[in-house]
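Q: I am new to this structure. Please take a close look at one part of the backbone, and then at the helices on either side and beyond.

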Amino acid sequence: MQEHLARREVGVTLFDREHERAAIERCLQERGRRVVLITGVPGIGKSSLLRETVDARPEFVLAATGSPAGAAVPFGTVRALFAPLARSRAVGEMPFDGPGAVLHSIATDTTTPSDLGAIVYGLQWALASLADDRGVVRALADAQWLDDASGDVLGAALAQAADERIIGIVAIRDSADHNRATAEAQLRSLADAIVTPRPLSRGAVAALLGPMASEAGRVHELTGGVPFSVTEIATAIAAGERLAPSPRLLESITARLARLGHDATAVAKAVAVLGPEASVRRAAALAEAPILTLDPVLRSLVAEGILLDGDRDGVLALAHPLIGEAIIAGIGPVALQNERDHAARVLLDE
């Protein structure tokens with residue numbers, strides 16, 4: 001976990017978010033412990049909505065952002081949440097007095113205690129101490145990378161909070177992975193509100209493009225209204241470039257497929273090459289993946305925002321055309337021709 005949430009301008013990813021803001025505000029108006037879970041596919045604007053919400057809060061903020069590498073570090077999230085505070089306050093100072101002292105040792109990496117009960121008690125003590133004055137916000141972005149040890153103790157401490165003004169704001173992408181889904185289920189059980197940002201409307205895309213609003217229809221069609229993709233395309237248009245996947249978009253899609261593994265990458269490529277002919281059976285044949293094992297692969301691709309959720313009359317479809325362009329661009333001309341020849345053989349065999 002990184003040790004802070006990057007403070008960035010709200011920017012274009014928060015166009016068309018009145019509904020989501022209102023849902024969060026209604027939840028946080030209530031007294032006592034409150035938990036807001038912001039979910040959705042990559043690029044939909046979860047972290048931006050979280051940052052905007054946190055920036056507007058009067059409470060004391062503990063914040064951390066997840067990363068794939070951090071998921072393997074025991075108590076990494078706990079360390080990230082309390083490290084900035086531990087650098088300015090010694091053991092014995094609030095909130096590291098009494099039972100909270102254990103958090104100082106974790107935050108400064110001097111030791112990793114094995115007594116989970118003591119850590120949970122220390123967390124309860126520290127959060128209650130920080131909440132006494134003006135309340136405390138615990139903000140986690142990219143919480144799909146929450147390490148298991150931190151997930152256990154943070155979940156237990158939050159579940160046992162009651163009257164204190166302790167707010168949890170968590171942004172987490174949808175997951176098809178069983179271990180990650182278990183962590184998400186625990187968060188959902190604690191949530192007082194679950195907010196799922198929607199794709200941007202065509203009108204929002206037009207407002208975002210400003211003087212280039214005449215391109216709104218095409219941009220909306222290319223991106224499916226996914227804010228990250230829209231902003232990348234808007235930047236390209238402003239620079240006088242053509243409507244094509246940017247390097248950042250290519251890197252994002254490549255990294256997401258790499259995390260899902262070989263089968264998911266092969267199936268995504270197959271769907272991109274087959275286009276409207278991409279049935280489950282044909283995609284499995286082109287990807288040379290056993291069709292009986294394809295269901296979890298397809299679920300993972302939907303969760304990562306690569307495929308649309310649910311087939312259309314048996315046809316698989318990419319989430320939006322830019323995904324397909326990015327995948328095709330990453331294949332290379334020779335390999336792409338081989339894939340197309342293979343696809344033609346698959347269709348001919350049918």
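A: Start at Pro95, which lies in the loop between α3 (76–86) and α4 (101–107). Helices (H or I, at least four residues) and strands (E, at least two) are DSSP runs, numbered from the N terminus. The model is predicted: local features need pLDDT of at least 70, side-chain atom pairs count only at pLDDT 80 or more, and totals for chains, interfaces and linings use all residues. Residues are numbered from 1 along each chain as its sequence is written, and side-chain values use heavy atoms, with hydrogens and water left out.

The bond from Met94 to Pro95 is a cis peptide bond. Its omega is near 5°. Most peptide bonds are trans, and most residues other than glycine have a negative phi.

Of its 11 residues, 10 are buried, so α3 is largely enclosed by the rest of the structure. Buried means under 20% relative accessible area, exposed over 50%, and partly exposed in between (1.4 Å probe, protein chains only). Among the buried residues of α3 are Gly76, Arg79, Phe82 and Leu85. Their cover includes the strands β2 (60–65) and β3 (136–141). It also includes the helices α4, α5 (116–134) and α6 (148–160).

Asp16 sits in the segment before α1 (18–28). Its phi is near 60°, and Asp16 is not a glycine. Asp16 is partly exposed, with a relative accessible area of 24%. Glu288 also has a positive phi, of about 55°. Glu288 lies in the loop between α13 (280–287) and α14 (294–303). Glu288 is exposed, at 65% relative accessible area.

That loop leads back to α13. α13 packs with α16 (residues 333–349) at an angle of about 130°, their axes 10 Å apart. Axes are lines fitted to C-alpha atoms, for helices over the stretch in contact, and angles run from 0 to 180 degrees between N-to-C directions. That makes α13 oblique to α16. Angles under 35 degrees count as roughly parallel, over 145 as roughly antiparallel, 65 to 115 as roughly perpendicular, and the rest as oblique.

Contact here means heavy atoms within 4.5 Å. On α13, the contact is made by Arg282, Ala285 and Leu286. On α16, Glu339, His342, Ala343, Val346 and Leu347 take part.
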